[in-house]
Amino acid sequence: MSRLAVAMTPQRAADVISAEARQLIEKRYEVTWADEPLTEDVVARLAAGSDVLLTSWGTPHLDRAIWSGGGGPRVVAHAAGTVKKLIDREVLDQGVTVFSAAGRIAWSVGEYCLAAMLTLARRLPLFDTAIRAGGWKQSGFRGGELTGHRVGILGASSTARALITLLRPFGCEVVVYDPYLDEERAAALGVRTATLEEALGCPFVSVHVPDVAETRGLVSARLIERIPDHAVVVNSARGPAVDQGALLEQVLAGRLFAALDVFDPEPPHLGESVLSCPNLLLTPHIAGDTVDGHLALAGYVLADVADWLDKGVRGSSFVDPASWPIAA
């Protein structure tokens, strides 16, 4: 029986391990559960005695010394998103296989983006503000629809692919800007490739790029000025990808609608005019944070771990070392 160590606090384990997943863990593995406090030394001891290390948010960085001398777990299963702050890239070259639940979180993000598009397209915040002020029917504006419109997506990440799937019933033409997306892969996704300018020329724009040097400042003030009037812009990716000040200026002027789940910096420092703007949705980096989504995370990665151990099949949560430079 393989040995599995759960390198997370009891509170985090309750957050990301469903009752069903816990039963499967206890049935398949010889399990060691961590106790608080979860220090680097505690994690190192857990790792040293395990074949599989299950981690999540709050797990300290896994020092490469854990694998010195050929020891350490051969599998790390991260029941959370990016692993870049958890483990060094060099460790993957030592035969350590890493899995991440980023793909499951992507579905939660996709739902958020779809909800934000629909909410802003129908002008629901404007109606909400009006009725709270004692109004009723509004003659100054009317909501629109998402159905049949073009959607520009920046970055063909896992969150973008989730949104693309969710958009299919709406009959949207989806265009994607991503230098790494070729025509064949685009066709398989049911989209077509586009330039950055073309993607930003759509009435709906959603940002899904990682935070790397090439994407910082990607959506510049000049490009924001070229986004069509009354367009809906959603950023659930990374704050530095968009010139936040320039976007907010256009939103405050009433020309654009936006949903911002990420900021630069975080937490943001926003003025009263921004905080009271009715064509702006503001959320605190929670696009991927849902009750259902979190409880599914451990089961999501451990299903792939089982396939890897039993059949040598990588699965969708496998972290490909070759994609490390462009991963979120």
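Author: Happy to! When we tally charges, Lys and Arg count as positive and Asp and Glu as negative, with His and the chain ends left out. Keep in mind that this is a predicted model.

Reader: How many positive and negative side chains does the chain have?

Author: The chain carries 29 positive and 39 negative side chains, and the centres of these two sets are 4 Å apart.

Reader: Why does the radius of gyration agree with a compact globule?

Author: For 328 residues, a compact globule would have a radius of gyration near 20 Å; the chain has 22 Å, so the two agree. Along the principal axes, the C-alpha trace spans about 70 × 45 × 35 Å. The fold is built with 14 helices and 12 strands.

Reader: Which residues does the UniProt domain annotation cover?

Author: The unreviewed UniProt entry annotates residues 114-287 as "D-isomer specific 2-hydroxyacid dehydrogenase NAD-binding". That stretch is 32% helix and 16% strand, and its end C-alpha atoms lie 11 Å apart.

Reader: Where is Leu 200 placed, and what is it in contact with?

Author: Leu 200 sits in the loop between α9 (196-199) and β9 (204-207). Beyond its neighbours within four places in sequence, its contacts include Leu 154, Val 205, Val 219 and Leu 223. Arg 226, Ile 227 and Pro 228 are also among them.

Definitions and conventions:
Residues are numbered from 1 along each chain as its sequence is written. This is a predicted model: local features need pLDDT of at least 70, side-chain atom pairs count only at pLDDT 80 or more; totals for chains, interfaces and linings use all residues. Side-chain values use heavy atoms; hydrogens and water are left out. UniProt positions are given in the numbering used here, feature names are shortened, and annotations may be inferred rather than shown by experiment. Helices (H or I, at least four residues) and strands (E, at least two) are DSSP runs, numbered from the N terminus. The radius of gyration is taken over C-alpha atoms; the globule rule is 2.2 Å times the number of residues to the power 0.38. The place of a charge is taken as NZ of Lys, CZ of Arg, CG of Asp or CD of Glu. Contact means heavy atoms within 4.5 Å.
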